[in-house]
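Colleague: I would like to learn how to read a model like this one. Can we take it feature by feature?

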Amino acid sequence: VRVAAGELTVGRAVLPLRHVGRVEIVDRRDKQAALGPELDPAAMVPHRGWIGPLVRLEVTDRADPTPYWVFSVREPDRLLTALAATRH
């Protein structure tokens, strides 16, 4: 997971920061619901089971059929700080 040069990179997927909408941390106890009954089949899900928290990030690009990304991240607060700092 990387935030640099106006983009968020998760694995091989890249999203321009201008298309990042709402961002929320999904903690370990809510992970099963987020990846099960709440999951939109069109979402991008690079999940690593051994990493506790997830981040759910809305994609605002209307041309992109992906409604959101939900991905594993070891330090979600640090990611949210980096996104906030680079989106202004």
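Colleague: What should I know about the model itself?

Modeller: This is a predicted model, in which local features need pLDDT of at least 70, side-chain atom pairs count only at pLDDT 80 or more, and totals for chains, interfaces and linings use all residues. Residues are numbered from 1 along each chain as its sequence is written, and side-chain values use heavy atoms, with hydrogens and water left out.

Colleague: How many salt bridges does a search of the whole structure find?

Modeller: The search finds 5. One of them joins the side chains of Arg22 and Glu58, at 3.5 Å from N to O. Arg22 lies in strand 4 (residues 20–26) and Glu58 in strand 5 (residues 54–59), so this pair ties together parts that are 36 residues apart in sequence. Strands (E, at least two residues) and helices (H or I, at least four) are DSSP runs, numbered from the N terminus. Arg22 is exposed, at 63%. Glu58 is partly exposed, at 27%.

Colleague: Which residue forms a salt bridge with Glu38?

Modeller: Arg56 does, with the closest N and O atoms 3.5 Å apart. This pair also links distant parts of the chain. Glu38 sits in the loop between helix 1 (31–35) and strand 5, while Arg56 is in strand 5, 18 residues apart. Glu38 is partly exposed at 47%. Arg56 is buried at 17%. Glu24, Glu38 and Arg56 are linked in a network of salt bridges.

Colleague: Now the sheet. How do strands hold on to each other?

Modeller: Strands of a sheet pair through backbone hydrogen bonds, either parallel or antiparallel. Two strands count as paired if DSSP finds at least two bridges between them. Here 3 strands form an open sheet in the order 1-2-3, with antiparallel pairing. Strand 1 (2–4) and strand 3 stand at the edges, each with a single partner strand, so one side of each has no neighbour in the sheet. The twist averages 20 degrees from one strand to the next. Angles are taken between N-to-C directions, from 0 to 180 degrees, with axes fitted as lines to C-alpha atoms (for helices, over the stretch in contact).

Colleague: How many bridges join strand 1 to strand 2?

Modeller: There are 3. Ala4 stands opposite Glu7 in strand 2. Strand 2 (residues 7–10) and strand 3 pair over 4 bridges, also antiparallel. There, Thr9 faces Val14 in strand 3. These two strands form a hairpin with 2 residues between them. Gly11, in the turn, has a positive phi of about 65 degrees.

Colleague: Where do the side chains of strand 3 point?

Modeller: Along strand 3 (residues 13–16) they alternate. Ala13 and Leu15 point to one face and are buried.

Colleague: Which residues does His19 touch?

Modeller: Contact means heavy atoms within 4.5 Å. Leaving out residues up to four places away in sequence, His19 touches Glu58, Val59, Thr60 and Asp61. His19 lies in the loop between strand 3 and strand 4 and is buried, at 16%.

Notes. A salt bridge is a side-chain nitrogen of Lys or Arg within 4 Å of a carboxyl oxygen of Asp or Glu. Buried means under 20% relative accessible area, exposed over 50%, partly exposed in between (1.4 Å probe, protein chains only).
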